[in-house]
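Visitor: Could you walk me through reading this model, one feature at a time?
Guide: Gladly; let us look at it together.

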Amino acid sequence: MKESSRKQGAASPCAACKLLRRRCAQDCVFSPYFPADEPQKFANVHRVFGASNVNKMLQELPIHQRGDAVSSMVYEANARVRDPVYGCVGAISSLQQQIDVLQAQLALAQAEVVHLRVRHSTNFPGHGLCPDSPSSSGSPSSKQVSPQDNKGMFSHMDIVDEASLGESMWSC
């Protein structure tokens, strides 16, 4: 928990009391979390949640959980100011879409690596895979495949263990 920015003799109000234009009491619930030097932090929280609701939420929580609650409220309030309709859900959705695109790109790259391994082992028999390596044990990625059998091989885009690719492809 942060210490209040107020000293005993000086009555420098916290950002919440300053915005609300009230006297900041010694036991102000806002002062540990909304220091006077960060006025926009409370302004956004107040705009989205309202001072009364924030006060109620903080008083209902144990002291050790209030800092995390304030962090969450500040994050949501800032997201709502940037995107009034979706708030932080919009940011989460955008990040999830980026994850989906990157996972698809990774799957395509891994499928290409498998395809190149198969092509390498077909063009250079005995040079690409060691007979006693774990990757030549009959797994689908180590079998030689003719172009006719290759039609559906990469359609499901299996995740390939990159460590075993490096070992088996270049270790002979």
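Visitor: Where is the place of tyrosine 86?

Guide: Tyrosine 86 sits in the loop between α4 and α5. Helices here are DSSP runs of H or I with at least four residues, strands are E runs of at least two, and both are numbered from the N terminus. A word on conventions: this is a predicted model, where local features need pLDDT of at least 70, side-chain atom pairs count only at pLDDT 80 or more, and totals for chains, interfaces and linings use all residues. Residues are numbered from 1 along each chain as its sequence is written, and side-chain values use heavy atoms, leaving out hydrogens and water.

Visitor: Is tyrosine 86 buried or exposed?

Guide: Buried means under 20% relative accessible area, exposed over 50%, and partly exposed in between (1.4 Å probe, protein chains only). Tyrosine 86 counts as exposed because its relative accessibility is 52%.

Visitor: How many helices and strands does the chain have?

Guide: The chain has six helices and zero strands. Of its 172 residues, 30% count as buried.

Visitor: Which residues have the most contacts inside the largest nonpolar core?

Guide: A nonpolar core is a set of buried Ala, Val, Leu, Ile, Met, Phe, Trp, Tyr and Cys residues joined through side-chain atoms within 4.5 Å. The largest one has 20 residues, and Phe30, Phe34 and Leu58 have the most contacts inside it. Helices α1 (15-20), α2 (39-49), α3 (51-60) and α4 (63-82) each supply at least two residues of this core, with α4 giving the largest share, five residues.

Visitor: How many salt bridges does a search of the whole structure find?

Guide: A salt bridge puts a side-chain nitrogen of Lys or Arg within 4 Å of a carboxyl oxygen of Asp or Glu. The search finds two. One joins lysine 41 and glutamate 38 (3.6 Å, N to O); lysine 41 is buried at 19% relative accessible area, while glutamate 38 is partly exposed at 30%. In the other, the closest N and O atoms of arginine 80 and glutamate 76 are 2.9 Å apart.

Visitor: Why are arginine 80 and glutamate 76 separated by about one helical turn?

Guide: An α-helix has 3.6 residues a turn, so residues three or four places apart point the same way. Arginine 80 and glutamate 76 are four residues apart in helix α4, which means about one helical turn lies between them.
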